[in-house]
Amino acid sequence: MQRLIPTLRNDQVDEALISVINTLQICAKEISFRCGQGKLAGVLGSTLDENIQGETQKKLDVLANQLLKDILLECKHVRAVASEEEEGIVGGTLDGRYLVAFDPLDGSSNIDINSMVGTIFSVLPAPAEPGAEVDMFLQPGSNQVAAGYILYGPRTMLVFTTGKGVKMFTLDQTVGEFLLTEADVTIAETTTEFAINMSNHRHWQPGMRRYIDDLLLGKAGPRNKDFNMRWVAAMVADVHRVLTRGGLFTYPWDSRKANKPFKLRLMYEGNPMAWLVEQAGGLADTGEGRILDIQPTDIHQRCGVILGSRDEVTTCLQYLKGSQ
Ligand code: AFP
(Lines give C-alpha, C1' and ligand atoms only; values in the text may rest on other atoms or scores of the structure.)
Protein backbone atom coordinates (compact mmCIF):
# COMPACT_ATOMS: atom_id res chain seq x y z
CA MET A 1 0.00 0.00 0.00
CA GLN A 2 1.26 3.42 -0.96
CA ARG A 3 2.43 5.97 1.59
CA LEU A 4 1.21 9.56 1.71
CA ILE A 5 4.08 11.55 0.23
CA PRO A 6 4.81 9.25 -2.75
CA THR A 7 1.07 9.34 -3.55
CA LEU A 8 1.08 13.16 -3.55
CA ARG A 9 4.21 13.21 -5.72
CA ASN A 10 2.57 10.80 -8.18
CA ASP A 11 -0.27 13.31 -8.45
CA GLN A 12 2.31 16.05 -9.13
CA VAL A 13 1.22 18.08 -6.13
CA ASP A 14 3.41 21.11 -5.51
CA GLU A 15 6.17 20.43 -2.90
CA ALA A 16 5.08 23.33 -0.65
CA LEU A 17 1.53 21.96 -0.55
CA ILE A 18 2.88 18.45 0.13
CA SER A 19 4.67 19.94 3.11
CA VAL A 20 1.39 21.46 4.43
CA ILE A 21 -0.47 18.15 4.00
CA ASN A 22 2.40 16.33 5.66
CA THR A 23 2.16 18.76 8.59
CA LEU A 24 -1.58 18.05 8.84
CA GLN A 25 -0.93 14.31 9.06
CA ILE A 26 1.53 14.94 11.92
CA CYS A 27 -1.25 16.84 13.74
CA ALA A 28 -3.64 13.98 12.96
CA LYS A 29 -1.45 11.42 14.72
CA GLU A 30 -1.10 13.63 17.80
CA ILE A 31 -4.86 14.26 18.05
CA SER A 32 -5.68 10.63 17.29
CA PHE A 33 -3.45 9.52 20.16
CA ARG A 34 -5.14 11.90 22.61
CA CYS A 35 -8.65 10.92 21.49
CA GLY A 36 -7.68 7.29 22.08
CA GLN A 37 -6.39 8.02 25.58
CA GLY A 38 -9.58 9.78 26.78
CA LYS A 39 -9.86 9.75 30.53
CA LEU A 40 -6.41 8.14 30.87
CA ALA A 41 -4.95 11.47 29.72
CA GLY A 42 -7.54 13.58 31.58
CA VAL A 43 -8.85 15.10 28.34
CA LEU A 44 -12.59 14.34 28.65
CA GLY A 45 -15.24 16.84 29.76
CA SER A 46 -15.66 20.58 29.24
CA THR A 47 -13.59 23.62 30.06
CA LEU A 48 -15.26 26.55 31.79
CA ASP A 49 -15.03 28.59 28.57
CA GLU A 50 -17.16 29.18 25.49
CA ASN A 51 -15.74 29.48 21.98
CA ILE A 52 -16.53 32.43 19.73
CA GLN A 53 -19.65 30.62 18.48
CA GLY A 54 -20.96 30.72 22.07
CA GLU A 55 -20.59 26.93 22.45
CA THR A 56 -19.08 25.27 25.52
CA GLN A 57 -15.56 24.12 24.73
CA LYS A 58 -14.54 20.53 25.39
CA LYS A 59 -11.03 20.00 26.73
CA LEU A 60 -10.15 18.02 23.61
CA ASP A 61 -11.44 20.87 21.38
CA VAL A 62 -8.97 23.21 23.06
CA LEU A 63 -6.14 20.69 22.91
CA ALA A 64 -6.73 19.83 19.25
CA ASN A 65 -6.90 23.53 18.37
CA GLN A 66 -3.63 24.25 20.17
CA LEU A 67 -1.85 21.30 18.53
CA LEU A 68 -3.01 22.30 15.05
CA LYS A 69 -2.01 25.92 15.59
CA ASP A 70 1.41 25.12 17.06
CA ILE A 71 2.35 22.49 14.50
CA LEU A 72 0.92 24.22 11.40
CA LEU A 73 2.50 27.56 12.24
CA GLU A 74 5.89 25.82 12.40
CA CYS A 75 5.50 24.97 8.70
CA LYS A 76 7.18 27.69 6.64
CA HIS A 77 4.58 27.41 3.89
CA VAL A 78 1.67 28.34 6.18
CA ARG A 79 0.90 32.09 6.04
CA ALA A 80 -1.91 31.98 8.61
CA VAL A 81 -4.58 29.75 10.13
CA ALA A 82 -8.28 30.28 10.92
CA SER A 83 -10.03 28.00 13.39
CA GLU A 84 -13.55 27.44 14.66
CA GLU A 85 -12.09 28.02 18.12
CA GLU A 86 -10.39 31.37 17.35
CA GLU A 87 -12.11 34.68 16.79
CA GLY A 88 -9.50 36.07 14.40
CA ILE A 89 -6.79 34.52 12.27
CA VAL A 90 -3.38 33.56 13.65
CA GLY A 91 -0.39 34.55 11.53
CA GLY A 92 2.51 32.29 10.62
CA THR A 93 5.29 32.81 8.06
CA LEU A 94 4.71 36.17 6.37
CA ASP A 95 5.51 34.90 2.89
CA GLY A 96 4.03 31.41 3.32
CA ARG A 97 2.06 30.33 0.26
CA TYR A 98 -0.95 28.78 1.96
CA LEU A 99 -3.77 29.61 4.38
CA VAL A 100 -5.33 26.81 6.43
CA ALA A 101 -8.85 26.96 7.90
CA PHE A 102 -9.91 24.16 10.24
CA ASP A 103 -12.48 22.82 12.65
CA PRO A 104 -10.11 21.16 15.14
CA LEU A 105 -12.59 18.64 16.53
CA ASP A 106 -15.88 18.41 14.70
CA GLY A 107 -18.67 16.55 16.50
CA SER A 108 -17.27 17.41 19.89
CA SER A 109 -20.47 16.32 21.67
CA ASN A 110 -19.33 12.79 20.74
CA ILE A 111 -16.04 13.05 22.62
CA ASP A 112 -17.27 11.97 26.04
CA ILE A 113 -19.31 9.05 24.66
CA ASN A 114 -16.32 7.60 22.75
CA SER A 115 -17.99 8.05 19.39
CA MET A 116 -16.59 9.42 16.13
CA VAL A 117 -15.10 12.91 15.85
CA GLY A 118 -12.80 14.49 13.30
CA THR A 119 -10.65 17.40 12.15
CA ILE A 120 -11.83 19.20 8.99
CA PHE A 121 -9.40 21.33 6.97
CA SER A 122 -9.39 23.62 3.96
CA VAL A 123 -6.21 24.95 2.32
CA LEU A 124 -6.42 28.16 0.28
CA PRO A 125 -3.72 30.00 -1.65
CA ALA A 126 -2.26 33.09 0.05
CA PRO A 127 -1.88 36.23 -2.07
CA ALA A 128 1.51 37.05 -3.59
CA GLU A 129 2.17 40.09 -1.40
CA PRO A 130 3.45 39.19 2.11
CA GLY A 131 1.38 39.75 5.27
CA ALA A 132 -1.51 38.08 7.03
CA GLU A 133 -4.94 39.71 7.06
CA VAL A 134 -8.29 38.09 7.72
CA ASP A 135 -9.55 39.22 4.29
CA MET A 136 -7.09 36.81 2.66
CA PHE A 137 -9.29 33.94 3.80
CA LEU A 138 -12.43 35.37 2.20
CA GLN A 139 -12.17 33.30 -0.98
CA PRO A 140 -14.85 31.04 -2.45
CA GLY A 141 -14.43 27.29 -1.87
CA SER A 142 -13.70 26.85 -5.57
CA ASN A 143 -10.26 28.37 -4.82
CA GLN A 144 -9.29 25.57 -2.41
CA VAL A 145 -6.05 23.75 -3.29
CA ALA A 146 -6.48 20.93 -0.76
CA ALA A 147 -9.36 19.98 1.53
CA GLY A 148 -10.36 17.05 3.65
CA TYR A 149 -10.71 15.60 7.10
CA ILE A 150 -9.18 13.25 9.61
CA LEU A 151 -11.70 10.86 11.12
CA TYR A 152 -10.95 9.55 14.61
CA GLY A 153 -13.04 6.39 14.80
CA PRO A 154 -12.28 2.70 15.23
CA ARG A 155 -9.67 3.51 12.56
CA THR A 156 -8.02 6.89 12.09
CA MET A 157 -8.41 7.95 8.46
CA LEU A 158 -7.09 10.87 6.44
CA VAL A 159 -9.39 11.71 3.53
CA PHE A 160 -8.59 14.55 1.15
CA THR A 161 -8.56 15.97 -2.33
CA THR A 162 -6.10 18.18 -4.15
CA GLY A 163 -8.43 18.35 -7.14
CA LYS A 164 -7.40 14.94 -8.49
CA GLY A 165 -10.18 12.81 -7.02
CA VAL A 166 -10.66 11.77 -3.40
CA LYS A 167 -8.17 9.53 -1.62
CA MET A 168 -8.58 7.75 1.71
CA PHE A 169 -5.61 6.80 3.89
CA THR A 170 -5.78 4.63 7.01
CA LEU A 171 -3.35 5.11 9.90
CA ASP A 172 -1.41 1.88 10.30
CA GLN A 173 -0.78 1.99 14.04
CA THR A 174 1.93 -0.69 13.79
CA VAL A 175 4.20 1.57 11.70
CA GLY A 176 2.66 4.96 12.56
CA GLU A 177 2.00 5.87 8.92
CA PHE A 178 -1.00 6.71 6.78
CA LEU A 179 -1.34 4.18 3.95
CA LEU A 180 -3.53 4.57 0.87
CA THR A 181 -6.62 2.38 1.24
CA GLU A 182 -9.04 3.95 -1.33
CA ALA A 183 -7.50 5.58 -4.38
CA ASP A 184 -10.50 6.92 -6.25
CA VAL A 185 -13.60 7.43 -4.12
CA THR A 186 -16.88 7.67 -6.05
CA ILE A 187 -20.33 8.41 -4.61
CA ALA A 188 -23.15 6.34 -6.09
CA GLU A 189 -25.59 8.54 -8.04
CA THR A 190 -28.67 7.09 -6.37
CA THR A 191 -29.27 6.16 -2.75
CA THR A 192 -31.86 5.01 -0.22
CA GLU A 193 -30.14 6.56 2.82
CA PHE A 194 -30.40 10.07 4.28
CA ALA A 195 -28.96 11.92 7.28
CA ILE A 196 -30.71 14.80 9.04
CA ASN A 197 -31.45 15.74 12.65
CA MET A 198 -35.15 14.75 12.60
CA SER A 199 -35.86 16.44 15.93
CA ASN A 200 -35.76 19.80 14.12
CA HIS A 201 -38.54 18.79 11.67
CA ARG A 202 -41.01 21.48 12.77
CA HIS A 203 -38.42 24.25 12.25
CA TRP A 204 -37.56 23.50 8.60
CA GLN A 205 -38.84 25.24 5.48
CA PRO A 206 -42.02 23.66 4.02
CA GLY A 207 -40.08 22.23 1.04
CA MET A 208 -37.64 20.38 3.29
CA ARG A 209 -40.50 19.06 5.43
CA ARG A 210 -42.31 17.74 2.33
CA TYR A 211 -39.11 16.14 1.03
CA ILE A 212 -38.38 14.30 4.29
CA ASP A 213 -42.05 13.36 4.78
CA ASP A 214 -42.04 11.71 1.35
CA LEU A 215 -38.84 9.80 2.20
CA LEU A 216 -40.53 8.51 5.35
CA LEU A 217 -43.57 7.33 3.36
CA GLY A 218 -41.21 4.98 1.51
CA LYS A 219 -42.82 2.57 -0.97
CA ALA A 220 -46.27 3.84 0.03
CA GLY A 221 -45.44 7.41 -1.06
CA PRO A 222 -44.50 9.23 -4.26
CA ARG A 223 -40.84 8.17 -4.06
CA ASN A 224 -41.92 4.54 -4.36
CA LYS A 225 -38.96 3.15 -2.40
CA ASP A 226 -38.07 2.68 1.27
CA PHE A 227 -35.36 4.88 2.81
CA ASN A 228 -33.08 4.35 5.79
CA MET A 229 -31.88 7.12 8.14
CA ARG A 230 -28.53 7.61 9.96
CA TRP A 231 -27.31 10.53 12.15
CA VAL A 232 -23.93 10.46 13.93
CA ALA A 233 -24.13 14.18 14.92
CA ALA A 234 -20.60 14.69 13.61
CA MET A 235 -20.59 15.97 10.04
CA VAL A 236 -17.20 14.39 9.51
CA ALA A 237 -18.59 10.90 10.19
CA ASP A 238 -21.85 11.45 8.30
CA VAL A 239 -19.97 12.71 5.24
CA HIS A 240 -17.52 9.80 5.52
CA ARG A 241 -20.47 7.43 5.28
CA VAL A 242 -21.81 9.30 2.23
CA LEU A 243 -18.39 9.06 0.54
CA THR A 244 -18.18 5.36 1.42
CA ARG A 245 -21.64 4.09 0.50
CA GLY A 246 -23.62 7.04 -0.88
CA GLY A 247 -26.49 8.93 0.73
CA LEU A 248 -27.77 12.44 1.32
CA PHE A 249 -26.61 14.59 4.24
CA THR A 250 -28.25 17.87 5.14
CA TYR A 251 -28.25 20.45 7.89
CA PRO A 252 -30.97 22.78 6.62
CA TRP A 253 -32.41 26.19 7.36
CA ASP A 254 -33.97 26.48 10.82
CA SER A 255 -36.72 29.00 11.66
CA ARG A 256 -35.68 29.40 15.32
CA LYS A 257 -32.51 31.29 14.52
CA ALA A 258 -33.68 34.47 12.78
CA ASN A 259 -30.23 36.01 12.23
CA LYS A 260 -28.36 32.66 12.15
CA PRO A 261 -30.70 30.23 10.36
CA PHE A 262 -27.89 27.74 9.56
CA LYS A 263 -25.69 25.70 11.87
CA LEU A 264 -22.71 24.60 9.81
CA ARG A 265 -19.75 26.84 9.06
CA LEU A 266 -18.79 27.60 5.47
CA MET A 267 -15.00 27.93 5.58
CA TYR A 268 -14.13 24.83 7.62
CA GLU A 269 -17.19 22.59 7.23
CA GLY A 270 -19.22 23.45 4.10
CA ASN A 271 -16.40 24.22 1.66
CA PRO A 272 -14.02 21.31 2.34
CA MET A 273 -16.85 18.75 2.44
CA ALA A 274 -18.45 20.24 -0.70
CA TRP A 275 -15.21 19.92 -2.66
CA LEU A 276 -14.67 16.32 -1.52
CA VAL A 277 -18.22 15.40 -2.50
CA GLU A 278 -17.97 17.08 -5.91
CA GLN A 279 -14.60 15.42 -6.53
CA ALA A 280 -16.27 12.08 -5.80
CA GLY A 281 -19.03 12.79 -8.34
CA GLY A 282 -21.71 14.06 -5.94
CA LEU A 283 -23.40 17.44 -5.48
CA ALA A 284 -23.14 20.00 -2.66
CA ASP A 285 -25.61 22.88 -2.47
CA THR A 286 -26.94 25.37 0.05
CA GLY A 287 -30.49 25.02 -1.30
CA GLU A 288 -29.95 28.19 -3.31
CA GLY A 289 -26.76 27.41 -5.19
CA ARG A 290 -23.43 25.61 -5.21
CA ILE A 291 -21.61 25.84 -1.86
CA LEU A 292 -18.24 26.30 -3.58
CA ASP A 293 -19.48 29.46 -5.34
CA ILE A 294 -20.27 31.42 -2.15
CA GLN A 295 -18.16 34.54 -1.74
CA PRO A 296 -17.54 34.62 2.05
CA THR A 297 -17.81 37.84 4.00
CA ASP A 298 -16.79 36.42 7.40
CA ILE A 299 -14.45 33.55 8.32
CA HIS A 300 -17.07 32.13 10.70
CA GLN A 301 -20.14 32.50 8.47
CA ARG A 302 -22.68 29.70 8.27
CA CYS A 303 -24.44 28.12 5.31
CA GLY A 304 -27.11 25.59 4.42
CA VAL A 305 -25.69 22.20 3.44
CA ILE A 306 -27.32 19.56 1.24
CA LEU A 307 -24.77 17.14 -0.16
CA GLY A 308 -24.23 13.62 -1.40
CA SER A 309 -25.55 11.34 -4.12
CA ARG A 310 -26.24 13.38 -7.25
CA ASP A 311 -29.81 12.22 -8.01
CA GLU A 312 -30.99 12.53 -4.40
CA VAL A 313 -29.55 16.04 -3.91
CA THR A 314 -31.22 17.07 -7.18
CA THR A 315 -34.57 15.71 -5.96
CA CYS A 316 -34.22 17.46 -2.59
CA LEU A 317 -33.49 20.78 -4.36
CA GLN A 318 -36.62 20.33 -6.50
CA TYR A 319 -38.73 20.03 -3.33
CA LEU A 320 -37.11 23.17 -1.90
CA LYS A 321 -37.87 25.08 -5.10
CA GLY A 322 -41.47 23.87 -4.93
CA SER A 323 -41.24 22.06 -8.26
CA GLN A 324 -41.92 18.63 -6.70
P1 AFP B 1 -20.16 20.06 17.57
O2 AFP B 1 -18.75 19.95 17.06
O3 AFP B 1 -20.40 21.31 18.36
O4 AFP B 1 -20.62 18.81 18.28
O5 AFP B 1 -21.12 20.25 16.29
C6 AFP B 1 -21.09 19.30 15.27
C7 AFP B 1 -21.86 19.81 14.10
O8 AFP B 1 -21.40 21.10 13.73
C9 AFP B 1 -21.77 18.88 12.89
O10 AFP B 1 -20.59 18.17 12.85
C11 AFP B 1 -22.98 17.98 13.04
O12 AFP B 1 -23.47 17.52 11.81
C13 AFP B 1 -23.98 18.88 13.72
O14 AFP B 1 -23.23 19.88 14.41
C15 AFP B 1 -24.82 18.13 14.70
O16 AFP B 1 -25.84 18.97 15.12
P17 AFP B 1 -26.98 18.47 16.14
O18 AFP B 1 -26.37 18.48 17.49
O19 AFP B 1 -28.05 19.48 15.96
O20 AFP B 1 -27.42 17.10 15.74
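This is a predicted model: local features need pLDDT of at least 70, side-chain atom pairs count only at pLDDT 80 or more; totals for chains, interfaces and linings use all residues.

Reader: How much space lies in the second largest cavity?

Author: A cavity is a space where a 1.4 Å probe fits but cannot get out. Here the second largest cavity holds about 30 Å³. Its lining has one nonpolar, three polar and three charged residues.

Reader: How many cavities of 30 Å³ or more does the structure hold?

Author: Two. The largest cavity has a volume of about 40 Å³.

Reader: Which residues line the largest cavity?

Author: Read them in sequence order. Ile 196, Asn 197, Asn 200 and Trp 204 are among them. Tyr 251, Pro 252, Trp 253 and Asp 254 also belong to the lining. By class, that lining divides into five nonpolar residues, two polar and one charged.

Reader: Let us turn to records. Which residues does the UniProt annotation "binding site" cover?

Author: A record may be inferred rather than shown by experiment. In this case the UniProt entry is unreviewed, and its "binding site" covers Asp 106, Gly 107, Ser 108, Ser 109, Asn 197 and Lys 263. From this set, Asn 197 is part of the lining of the largest cavity. Ser 108 sits in the loop between S5 and strand S6 (117-125).

Reader: Now the ligand. Which residues come nearest to the ligand?

Author: There are 16 residues around the ligand. Asp 106, Gly 107, Trp 231, Met 235 and Tyr 251 come nearest.

Reader: How far is a polar side-chain atom of Asn 197 from an oxygen atom of the ligand?

Author: A polar contact is a pair of N or O atoms within 3.5 Å. For Asn 197, the distance from a polar side-chain atom to a ligand oxygen is 2.9 Å. The side chain of Trp 231 also has an N or O atom 2.9 Å from an oxygen of the ligand. For Tyr 251, a side-chain N or O atom lies 2.5 Å from a ligand oxygen.

Reader: Next, the open spaces. How much space lies in the largest pocket?

Author: A pocket, unlike a cavity, is an open set of points. The largest pocket here has about 460 Å³ of space. It is lined by 26 residues, and Gly 107, Ser 108, Ala 233, Lys 263 and Arg 265 are the closest to its centre. Strand S2 (56-58), strand S5 (98-106), helix H5 (235-245) and strand S13 (248-251) each give two or more residues to this lining.

Reader: How many charged residues does the lining of the largest pocket have?

Author: It has 11 charged residues, along with eight nonpolar and seven polar. Domain 1 (4-182) and domain 2 (193-320) each supply at least three residues to the lining.

Reader: Which residues lie nearest the centre of the second largest pocket?

Author: Cys 35, Gly 36, Asn 114, Ser 115 and Tyr 152 do, out of 21 lining residues. This pocket has about 320 Å³ of space. Helix H2 (residues 15-37) gives the most to its lining, with four residues. The classes are eight nonpolar, 10 polar and three charged.

Reader: One last record. Which residues does UniProt list for the "Fructose-1-6-bisphosphatase class 1 C-terminal" domain?

Author: The unreviewed entry lists residues 187-320. That span is 36% helix and 12% strand, and its end C-alpha atoms lie 23 Å apart.

Methods. Residues are numbered from 1 along each chain as its sequence is written. Side-chain values use heavy atoms; hydrogens and water are left out. On a 1 Å grid over the protein atoms alone, a cavity is a set of points where a 1.4 Å probe fits but cannot get out, and a pocket is an open set with protein on both sides within 12 Å along at least five of seven lines; lining residues have an atom within 4 Å of a point. Grid points are joined across faces, edges and corners, and a volume is the space filled by probe spheres set on the points. Ala, Val, Leu, Ile, Met, Phe, Trp, Tyr, Cys and Pro count as nonpolar, Asp, Glu, Lys and Arg as charged, and the others, Gly among them, as polar. Domain bounds come from an automatic or database domain assignment. A residue is near a molecule or strand if one of its heavy atoms lies within 4 Å of it. A polar contact is a pair of N or O atoms within 3.5 Å; within protein, one must be able to donate a hydrogen and the other to accept it, and residues adjacent in sequence count only if both atoms are side-chain atoms.
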